Amino acid sequence: TISMATLSYWQNGRSIPARASSIHAVTEIEIALGLEPDSLLNLLKQAKEERERRLFVYALKYKPSLPV
């Protein structure tokens, strides 16, 4: 069971599903919406990669003493 708050966080990018139970829920949402398998999961992967890139750039910009 996924709460409405969790779905809202996912929708707005406040959080990204990562736990196995969350990934399973996303798969069930794909099925319920009649989407191609892994269509939402692929979008989540892209969103996660973009978030990681932004955090890396932020770290380089504002924490230049961090080892790379």
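Two residues are in contact here when their heavy atoms lie within 4.5 Å. By that rule, Ser22 touches Trp10 and Pro17, leaving aside residues up to four places away in sequence. This is a predicted model, where local features need pLDDT of at least 70, side-chain atom pairs count only at pLDDT 80 or more, and totals for chains, interfaces and linings use all residues. Residues are numbered from 1 along each chain as its sequence is written, and side-chain values use heavy atoms, with hydrogens and water left out.

Now for the helices, which are DSSP runs of H or I with at least four residues, numbered from the N terminus. Ser22 sits in helix α2, which covers residues 20-33. The axes of α2 and α3 come within 8 Å and cross at roughly 130°. That makes α2 oblique to α3 (oblique is what remains after under 35 degrees, roughly parallel; over 145, roughly antiparallel; and 65 to 115, roughly perpendicular). Where they meet, Ile23, Val26, Thr27, Ile29 and Glu30 are on the α2 side, with Ser39, Leu40, Leu41 and Leu44 on the α3 side.

How covered up are some of these residues? Buried means under 20% relative accessible area, exposed means over 50%, and partly exposed is in between (1.4 Å probe, protein chains only).

| Residue | Relative accessible area | Class |
|---|---|---|
| Ser22 | 7% | buried |
| Asp38 | 40% | partly exposed |
| Phe56 | 45% | partly exposed |

Asp38 lies in the loop between α2 and α3. Its phi is near 70°, a positive value in a residue other than glycine. Most residues other than glycine have a negative phi. Phe56, meanwhile, belongs to helix α3 (residues 39-62).

Conventions
Helices (H or I, at least four residues) and strands (E, at least two) are DSSP runs, numbered from the N terminus. Axes are lines fitted to C-alpha atoms, for helices over the stretch in contact, and angles run from 0 to 180 degrees between N-to-C directions.
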